[in-house]
Amino acid sequence: MKVIIARTLPAAGLDKLKARFDVACGGLPLDQGWLLRHARGASAIVADPTVPIGGDLLDLAGDSLRVVSNFAVGFDNIDVDAVRERGLRATNTPDVLTNATAELAVALMLAAGRRIVETDQIFRRGDWAGWEPEQFLGHELAGATVGLVGFGRIGQRVAELLSGFRARIVFADAHPMDEAAARHGAQRMDLAELLAASDYVSLHVNLTPQTRHMIDAAALARCKPGAILVNTCRGGVVDTAALVHALRDGPLAGAGLDVYEHEPAVPQDLAALPNTVLVPHIGSATRTTRDAMAELCADNVIAVLDGGEPLTPVV
Ligand code: DGY
């Protein structure tokens, strides 16, 4: 059976697939032409967040195709209706990246709150004239209210990591999450209430038509003056133009961002603002996590091609 890897896959998963199947990798960067040429006759396609998977590609692969295995927990790159309509399976890589992504969210809270990047740059430029009593004042997590938008695996792990910081945790989620709320001592609120109450707002939702631009100008206007926004989920959840406005003219004091609306384009308006910490989609970027994602991605392919149920299905 033929397995097509749209770009590349770490060896921890690639070697498992090569031991069982005829594997072809498109390589980096994504070459749509290669993908279209090689999809025909594939039994599985391995994708990632940068690889759009639509009905046309599925049809091109033809009757042999059984599964699209995404090397990511997010699956907004996949047209899940098209997968479902064709009786195929699609899978993602939940759990294995929860901790890495949650740790990055906390790192961005600390970096934005304590102005780490801004002051690092001032220092490196030689622009620091020495210690002053009122200089570079930031925000502490202790005593702050942290609002988690989305209280799934990653949101809950952020709550757990923050317990040592003595922050108050509130969350907004479509589900009551009573048991998790009790476990983390977290209070459920609706989004408007959470935005008004939180010193830090951290986003942990899937990108769907419902969550696209969930954080728009109206939502940002509800934020507490001096609040910090952290986004490690998907750039499309935030309206970038409205965010730039809220960072320039208030109410936000800062933002820590890992994801962007039009990756890999660097949003110049955000890059020009000293109160932003910007990193290039590195939430799951640790050796341990990427290897675990690659293994799970491969195991999903193997499970389906062996005629079984996928381990972590989205469809
Ligand atoms: C995901 O898994 O969805 C991340 O964005 C990539 O690790």
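How many nonpolar, polar and charged residues does the shell around the ligand have? By class, 4 nonpolar, 3 polar and 1 charged residues make up this shell, where Ala, Val, Leu, Ile, Met, Phe, Trp, Tyr, Cys and Pro count as nonpolar, Asp, Glu, Lys and Arg as charged, and the others, Gly among them, as polar.

The legends below describe a predicted model, in which local features need pLDDT of at least 70 and side-chain atom pairs count only at pLDDT 80 or more, while totals for chains, interfaces and linings use all residues. Residues are numbered from 1 along each chain as its sequence is written, and side-chain values use heavy atoms, with hydrogens and water left out.

**View 1. Surroundings of the ligand.** Ala72, Val73, Gly74, Leu97, Arg234, His281, Ser284 and Met293 surround the ligand, each having a heavy atom within 4 Å of it. A backbone N or O atom of Val73 lies 2.7 Å from an oxygen atom of the ligand, and a polar backbone atom of Gly74 is 2.8 Å from a ligand oxygen atom. From His281, a polar side-chain atom lies 2.6 Å from an oxygen atom of the ligand. The protein buries 89% of the 230 Å² that the ligand exposes when taken alone, with accessible areas from the Shrake-Rupley method with a 1.4 Å probe.

View 2. Thr93 is placed in the loop between β5 (89-91) and α5 (98-113); helices (H or I, at least four residues) and strands (E, at least two) are DSSP runs, numbered from the N terminus. Thr93 has a relative accessible area of 0% and is therefore buried, a term that means under 20% relative accessible area (1.4 Å probe, protein chains only). Leaving aside neighbours within four places in sequence, Thr93 is in contact (heavy atoms within 4.5 Å) with residues including Asn70, Phe71, Val73 and Met293. A polar atom of the Thr93 side chain lies 3.4 Å from the backbone nitrogen of Val73, which is itself among the residues surrounding the ligand.

**View 3. Helix α11 and its cover.** Within helix α11 (residues 240-249), the buried residues are Thr240, Ala242, Leu243, Val244, Ala246 and Leu247, and their cover includes α10 (217-221), β10 (227-231), β11 (252-257), α12 (268-271) and β12 (276-278). At the start of α11, a side-chain oxygen of Asp239 reaches to within 3.1 Å of the backbone nitrogen of Ala241, whereas just after the helix Gly250 takes a positive phi of about 90 degrees.

Terms used. A polar contact is a pair of N or O atoms within 3.5 Å; within protein, one must be able to donate a hydrogen and the other to accept it, and residues adjacent in sequence count only if both atoms are side-chain atoms. Buried means under 20% relative accessible area, exposed over 50%, partly exposed in between (1.4 Å probe, protein chains only).
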